[in-house]
Amino acid sequence: MHIATQDLLAYVRGDLSESVRLQYEAHFVNCKKCLEQVQNAIYLREYSDTIWSSWTAGEHRRAIRQQKLADVLASVLSATPALRNEAQAWIDQVGRGTGNAWRLLLDRTAQITALAQGSVSHGQFEFRLQPVVAGIGSPEGEAEAWKRIVRGSELLANGRFEDAESELKQASALDIRSTGSAEGTLDHCGRRLVDLSVDAHRGSVLIKSRSLQEGACGFAVLIPEQEGLDGMVAVFDAITEEAYALAEFRDVPSGRYSVEFSPSVTVD
Ligand SMILES: [Zn+2]
């Protein structure tokens, strides 16, 4: 006999008497299913805060990101002659243009991924986020949890703290079982430009571009939104039999990132 979800959540909230708590803990020792469920609930409960704070980036985080992009482009300019023109075009674009980006959160230890699509104004470095898929739990649970996390963030941004807390609590109360891969697409005027998939288990970020001009040297950068991680560059290789080019980041460390594209990847 397993512990009911409602009771597991009461355990996570600390709402149980000492004797019931001990009884449940004895059950966790013998029952992997209940243990996993309770660990996941605890994890998401803690994680809601991290997700919210990472998606409402403050000046500090924006400054880090801007600096990292500049660093990555500078390193591309000096280290990879083939990409020099493209990197220079991007540097020229930064400061006046608006680009497309994804924001992603990758935790390889807990195998959790969250992904959002947005546009980025290089002058302001503000994301306007549109959640795509959150790789947490069952598809239904993901959709519901994600909706609540986003709504909670909005409420919090508007100073409605109690409503925000309620949304985030409900997000953390959803049944969370499976793990983290997420997919997103970027369309422009009804045309598919880019597909992105993230796998928290392998630590990979795979990007297909369907709009890269023949002979262009497009690349993507993965920019950490926290300190202590380096930016990464992935170059698109044409898959000749297929109508797309492929770029992959491998062995990506856990963290919060944004993914951006050099001009020739998303420009028509
Ligand atoms: Zn059990």
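# Close-up views of the predicted model

**View 1. The hairpin of S5 and S6.** In this predicted model, strands S5 and S6 form a hairpin with four residues between the strands. Within this hairpin, Gly 203 has a positive phi near 70°. The two strands are antiparallel and are paired over six bridges.

**View 2. The hairpin of S4 and S5.** Strand S5, residues 191-199, also pairs with S4, and this pairing is antiparallel over eight bridges. Two residues lie between S4 and S5 in their hairpin. Cys 189, in the turn, takes a positive phi of about 50°. Leu 186 has Val 194 in S5 as its bridge partner.

**View 3. Strands S6 and S10.** Strand S6 covers residues 204-209 and strand S10 covers residues 244-249. The two run antiparallel and are joined by five bridges. Opposite Lys 208 stands Leu 246 in S10.

**View 4. The open sheet of five strands.** The pairs in the views above belong to an open sheet whose strand order is S4-S5-S6-S10-S9. Its pairing is antiparallel. At the edges are strand S4 (181-188) and strand S9 (237-239), each of which pairs on one side only. From one strand to the next, the twist averages 25°. As background, strands of a sheet pair through backbone hydrogen bonds, either parallel or antiparallel.

**View 5. Helix H1 and the residue after it.** Helix H1 spans residues 5-13, and its buried residues are Leu 8, Tyr 11 and Val 12. Seen down the axis of H1, these buried residues fall within an arc of 100°, so they line one face of the helix. Just after H1 comes Gly 14, with a positive phi of about 75°.

**View 6. The whole protein, for orientation.** The protein contains eight helices and 11 strands. Of its 268 residues, 37% are buried. Among contacts between residues at least 6 apart in sequence, 62% join residues at least 24 apart.

Conventions:
Residues numbered from 1 in each chain as written. Predicted model: local features only at pLDDT ≥ 70, side-chain atom pairs only at ≥ 80, totals over all residues. Buried ≥ 20, exposed ≤ 12 C-beta atoms within 10 Å, placed from the backbone. Contact = placed C-beta atoms within 7 Å. Pairing = 2+ DSSP bridges. Axes fitted to C-alpha atoms, helices over the stretch in contact; angles between N-to-C directions. Arc of directions from axis to C-beta.
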